[in-house]
Amino acid sequence: MRPEEVVIPEEALSERFLAATGPGGQNVNKVATACQLRVDVFRLGLPPHAYEKLKSLAGSRMTTGGELVITARNYRTQEANREDARKRVAELIAAAH
């Protein structure tokens, strides 16, 4: 399965925006551009083997409650970080299949 074939239901996602860390000028501490995306893995309907593989690939990014937590902060805008986080989740799910 390729990442672009992965469909993630919106009801499985929750996101919030955080202040980015590191260099970036005066705005870095004022503007919440980093995206923390949480995915309820149980709502994805993965087959058991894919779920186990996803747990292994995710490592510490998977909570004991079955949430996959991805934080994207590579870009200066919320939208770019949101897209990056969703892309990374799709890549993990595709790799788990």
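Helices (H or I, at least four residues) and strands (E, at least two) are DSSP runs, numbered from the N terminus. On that basis the protein has 2 helices and 3 strands, and along the sequence they follow the pattern β-β-α-β-α. This is a predicted model: local features need pLDDT of at least 70, side-chain atom pairs count only at pLDDT 80 or more, and totals for chains, interfaces and linings use all residues. Residues are numbered from 1 along each chain as its sequence is written, and side-chain values use heavy atoms, with hydrogens and water left out.

**Whole chain.** Select everything and colour by accessibility. Buried means under 20% relative accessible area, exposed over 50%, and partly exposed in between (1.4 Å probe, protein chains only). Of the 97 residues, 36% count as buried. Contact means heavy atoms within 4.5 Å. Among contacts with a separation of 6 or more, 59% are between residues 24 or more positions apart.

**The sheet.** Select residues 13–18, which form strand β1, residues 34–40 for β2, and residues 67–72 for β3. Two strands pair if DSSP finds at least two bridges between them.

How many bridges join β2 to β3? There are 6, and the two strands run antiparallel. β1 and β2 also pair in the antiparallel sense, over 6 bridges.

**Gln36.** Stay on β2, where 5 of the 7 residues are buried, and select Gln36, which belongs to this strand. Is Gln36 buried or exposed? Its relative accessible area is 11%, so Gln36 is buried. Its bridge partner in β3 is Thr71. Leaving out residues up to four places away in sequence, Gln36 touches Ser14, Glu15, Arg16 and Leu18, together with Val69, Ile70 and Thr71.

**The helices.** Now show residues 48–58 (α1) and residues 78–96 (α2). Axes are lines fitted to C-alpha atoms, for helices over the stretch in contact, and angles run from 0 to 180 degrees between N-to-C directions. The axes of α1 and α2 come within 8 Å and cross at roughly 130°. The two helices are therefore oblique to each other (angles under 35 degrees count as roughly parallel, over 145 as roughly antiparallel, 65 to 115 as roughly perpendicular and the rest as oblique).

Which residues meet where α1 contacts α2? Show the side chains of Ala50, Lys53, Leu54 and Leu57 in α1, which meet Leu92, Ile93, Ala95 and Ala96 in α2. By class, this contact has 7 nonpolar, no polar and 1 charged residues (Ala, Val, Leu, Ile, Met, Phe, Trp, Tyr, Cys and Pro count as nonpolar, Asp, Glu, Lys and Arg as charged, and the others, Gly among them, as polar).

**Pro3.** Finish in the segment before β1, where Pro3 lies. Pro3 is partly exposed, at a relative accessible area of 32%. Apart from neighbours within four places in sequence, Pro3 is in contact with Ala90, Glu91 and Ala94. Draw a C-alpha to C-alpha distance from Pro3 to Arg88: the two are 8.7 Å apart in space and 85 residues apart in sequence.
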